[in-house]
Amino acid sequence: MRGRIADVLFAQGKLEESLRIRREEQLPVYELLRDVRSLAITRGKIADVLFARGDLEEALRIRREEELPVYARLGDVRALAVTHGQIADVLFAQGEREEALRLLQDETLPAARRLQDPSMMAQALWSSARIRLAQDELDASGVSEALKELQESFELNSRLQRADGIAASGRLLGQTLVASGLPEPSAGVLDASASAFERLGHVAEASAVRAFRQEHCG
């Protein structure tokens, strides 16, 4: 119950109270019970809060030192893959793009494909493409690879009917298609992204996508 309350507070942006519940009410109980998995999961939730408020170094330390070793001992391939993806997010935020991309390509994506987890694949592909497109010196092959990843991510999210995934992957795919001189195929993708943002209640984002679509695709 306390964990669900902390989840709601986090979603509402009430980071400090969410963090307090994790640290003061959940961790002591799991430590008393010696529940190793629940401890790792809760510490991961703490890292989520720290990342959201910009405490990147501490979030990274928790991921590497308090989550990964536990999941490795437990042989939890899925949790390891997800955590590597979360580490990549922190590294990307710190500007360490090459290492972030390496983790996604060497750890998260291969595991997601082995597990046949379309949701994890879609997220990892979007993250990988985002990093590629943020490179200072991006050549044509890099853009081509990013487009392939975004297309697969968009298709996976569409099959899963994941509104958040359709919104994010569709927006970036549409923008990249336009930047690559392909406005016609981008129109439908941008429409799908805008509609998904609307379903999520993100009116400003939907309007921005529609304005971009109108400007570049007619």
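Reader: Hi! Before we talk helix packing, how are the axes and angles defined here?
Author: Hello! Axes are lines fitted to C-alpha atoms, for helices over the stretch in contact, and the angles between N-to-C directions run from 0 to 180 degrees. One thing to keep in mind is that this is a predicted model.

Reader: Thanks. So how do α8 and α9 cross?
Author: Helix α8 covers residues 140-160 and helix α9 covers residues 163-179; their axes come within 9 Å and cross at roughly 150 degrees. Angles over 145 count as roughly antiparallel, so α8 is roughly antiparallel to α9.

Reader: Left-handed or right-handed?
Author: The crossing of α8 past α9 is left-handed.

Reader: And which residues make the contact?
Author: On the α8 side they include Val143, Leu147, Leu150 and Phe154. Among those on the α9 side are Ile166, Ser169, Leu173 and Leu177.

Reader: Nice. What about α9 and α10?
Author: Helix α10 spans residues 183-199, and its axis and that of α9 come within 7 Å, crossing at roughly 150 degrees. That makes α9 roughly antiparallel to α10, and this crossing is left-handed. Residues of α9 that take part include Ala163, Ile166, Gly170 and Leu173, and they meet a set in α10 with Pro185, Val189, Ala192 and Ala196 among them.

Reader: Switching topic: which residues touch the most other members of the largest nonpolar core?
Author: Those are Ile87, Leu91, Ala100 and Ile131, in a core of 23 residues. Two or more residues come from each of α4, α5, α6 and α7. Helix α6 gives the most, with seven residues.

Reader: What does Ala100 sit against?
Author: Setting aside neighbours within four places in sequence, Ala100 is in contact with Ala88, Leu91, Phe92 and Ile131. Apart from this core lies another, of 20 residues, including Leu147, Ala163, Leu173 and Ala196.

Reader: What does the side chain of Asp76 reach?
Author: It reaches the backbone nitrogen of Ala79 at 3.0 Å. Leaving aside neighbours within four places in sequence, Asp76 is also in contact with Arg37 and Tyr71.

Reader: And Arg113, where is that?
Author: Arg113 is in helix α6. With 39% relative accessibility, Arg113 is partly exposed, because that class lies between the 20% and 50% limits.

Reader: Which residues does Arg113 touch?
Author: Not counting residues up to four places away in sequence, Arg113 touches Met121, Leu125 and Glu152. The side chains of Arg113 and Glu152 are joined by a polar contact of 3.1 Å.

Reader: How far is Arg113 from Leu101?
Author: They are twelve residues apart along the chain, and their C-alpha atoms are separated by 17 Å.

Reader: Last one: what's going on with Glu99?
Author: Glu99 is found in helix α6 too, and is partly exposed at a relative accessible area of 29%. Its side chain makes a polar contact of 2.8 Å with the side chain of Arg102. As for Arg22, 77 residues away along the chain, its C-alpha atom is 30 Å from that of Glu99.

Definitions and conventions
Residues are numbered from 1 along each chain as its sequence is written. This is a predicted model: local features need pLDDT of at least 70, side-chain atom pairs count only at pLDDT 80 or more; totals for chains, interfaces and linings use all residues. Side-chain values use heavy atoms; hydrogens and water are left out. A polar contact is a pair of N or O atoms within 3.5 Å; within protein, one must be able to donate a hydrogen and the other to accept it, and residues adjacent in sequence count only if both atoms are side-chain atoms. Contact means heavy atoms within 4.5 Å. A nonpolar core is a set of buried Ala, Val, Leu, Ile, Met, Phe, Trp, Tyr and Cys residues joined through side-chain atoms within 4.5 Å. Buried means under 20% relative accessible area, exposed over 50%, partly exposed in between (1.4 Å probe, protein chains only). Helices (H or I, at least four residues) and strands (E, at least two) are DSSP runs, numbered from the N terminus. Angles under 35 degrees count as roughly parallel, over 145 as roughly antiparallel, 65 to 115 as roughly perpendicular and the rest as oblique. A crossing is left-handed if the near helix is turned anticlockwise from the far one by less than a right angle, and right-handed if clockwise.
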